[in-house]
Amino acid sequence: MAEIIYDDIGSFPLPKGISKEWMNGKFSENRNDTDLFKVINDAFMMKVESGVEVSTYPQYQDMNEQFLSIIRDPECTEEPFKVKTDSARIIELEAIETVARTYREEHGEKLDVRVCVTGPLELYLKEFGGTEYVDILNLLGESVDRFVKNSLSGAKNFNIRTVSIDEPSIGINPQVMFSDNDLIKAMDIACESARKAGCDVEIHLHSPLHYKLAAQAENISVIGVESAATPSYLDLIDKKELEDSGSYLRVGIARTDVFNLVAVLNDKYNTNVWKETQYFPEIITDMETPEIISKRLSKAYSMFGESIKYAGPDCGLGSWPSQEIAAQLLNNVAEGMADFRQSSK
């Protein structure tokens with residue numbers, strides 16, 4: 001049986017005493033900042049120490065503004081919407097070089113890292129809504145590719161194992177006016193450098209309704225499905241379609257929709273768990289246990305077998321109440337995957 005790799009999606013709670021406003025202020029300075037880097041590094045290592053095998057850099061910025069704020073800056077572009085390669089910086093990756101170097105020195109090997117970038121369609125919709133300028137969509141695809149290319153060339157103490165294009169609007173947003181062929185071309189442009197570098201190239205979808213678009217893209221090899229909270233999503237995927245296109249799945253095996261999980265506890269205890277926080281741990285001790293997570297993976301594997309290449313939480317954990325509870329969920333996923341691997345021998 002091929003090994004299924006454990007990765008995560010990206011966002012993570014801030015530590016106590018650190019606000020989003022403070023983080024935004026630090027990011028806006030666009031420079032190496034010791035305090036900012038410490039927050040990023042500590043969160044990243046919490047993921048690694050929780051057992052995530054290919055950790056995403058902690059996403060603490062708005063997924064659109066992280067890239068658009070640079071793409072909009074005339075000093076950072078060759079032409080409108082086409083960023084200069086040396087300006088296409090992902091500060092979070094620069095930050096984790098420090099802890100990655102320490103890890104390499106202590107363990108004699110590099111960490112595998114997952115890089116998440118917002119896709120060209122999502123960036124386009126943020127700027128233009130329901131219009132249809134194909135040339136601009138493709139320019140944004142080139143800019144996304146340059147963020148990836150710059151990250152690949154700059155990584156010294158870690159391996160970029162996976163590059164994920166985040167396109168939550170595909171299959172959900174009715175404003176999408178582009179043809180399938182236009183979307184496929186833009187995705188391929190955005191993923192070109194990652195594919196050439198030999199990375200696994202993933203697309204993170206919030207709905208698998210149009211997963212066949214990603215399967216047709218030459219440069220995308222892994223399709224992410226949020227299947228823990230919505231198991232029926234897997235029923236929309238045709239295994240033969242995956243095999244014919246040479247595509248793989250990343251399946252969600254732990255729920256991250258914390259507001260829905262809390263709603264269950266609110267009903268159970270007739271209270272507001274966001275205020276009565278002593279009930280929060282039930283999410284990880286009773287609801288999202290290693291046993292439940294392992295069963296989800298087993299069910300997905302029974303449907304798709306070796307077409308599954310990655311597994312992990314459905315989405316990011318930025319809305320979770322604390323870093324400690326988020327890390328425990330990640331640890332539960334690690335235990336659940338270990339149980340699955342043991343039982344599958």
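1. How exposed is W274, in terms of relative accessible area? In this predicted model, W274 is partly exposed, with a relative accessible area of 34%, where buried means under 20%, exposed over 50% and partly exposed in between, using a 1.4 Å probe and protein chains only.

2. On conventions, residues are numbered from 1 along each chain as its sequence is written, and side-chain values use heavy atoms, with hydrogens and water left out. Since the model is predicted, local features need pLDDT of at least 70 and side-chain atom pairs count only at pLDDT 80 or more, whereas totals for chains, interfaces and linings use all residues.

3. The count of aromatic pairs comes to 9, the rule being that rings of Phe, Tyr and Trp (its six-membered ring) pair if their centres lie within 6.5 Å, with planes under 30 degrees apart counted as stacked, over 60 as edge-to-face and the rest as tilted. The rings of F67 and F147 have centres 4.9 Å apart and planes at 85°, so this pair is edge-to-face. It links distant parts of the chain, with F67 in helix α3 (residues 65-71) and F147 in helix α6 (residues 134-154), 80 residues apart. Both F67 and F147 are buried.

4. The pair of F259 and W274 is tilted, at 5.3 Å centre to centre and 40° between the planes. F259 belongs to helix α11 (residues 258-269) and W274 to the loop between α11 and α12 (282-287), so the pair ties together parts that are 15 residues apart in sequence. F259 is exposed, with a relative accessible area of 51%. Elsewhere, F81, Y124, F128, Y133 and F178 form one aromatic cluster.

5. As to the overall fold, the protein has 14 helices and 10 strands, assigned as DSSP runs (helices H or I, at least four residues; strands E, at least two) and numbered from the N terminus. Its radius of gyration is 20 Å, which agrees with the value near 20 Å for a compact globule of 345 residues; the radius is taken over C-alpha atoms, and the globule rule is 2.2 Å times the number of residues to the power 0.38. The C-alpha atoms fill a box of roughly 55 × 50 × 45 Å, taken along the principal axes.

6. Buried residues make up 54% of the 345 residues. Among contacts (heavy atoms within 4.5 Å) with a separation of 6 or more, residues 24 or more positions apart account for 77%.
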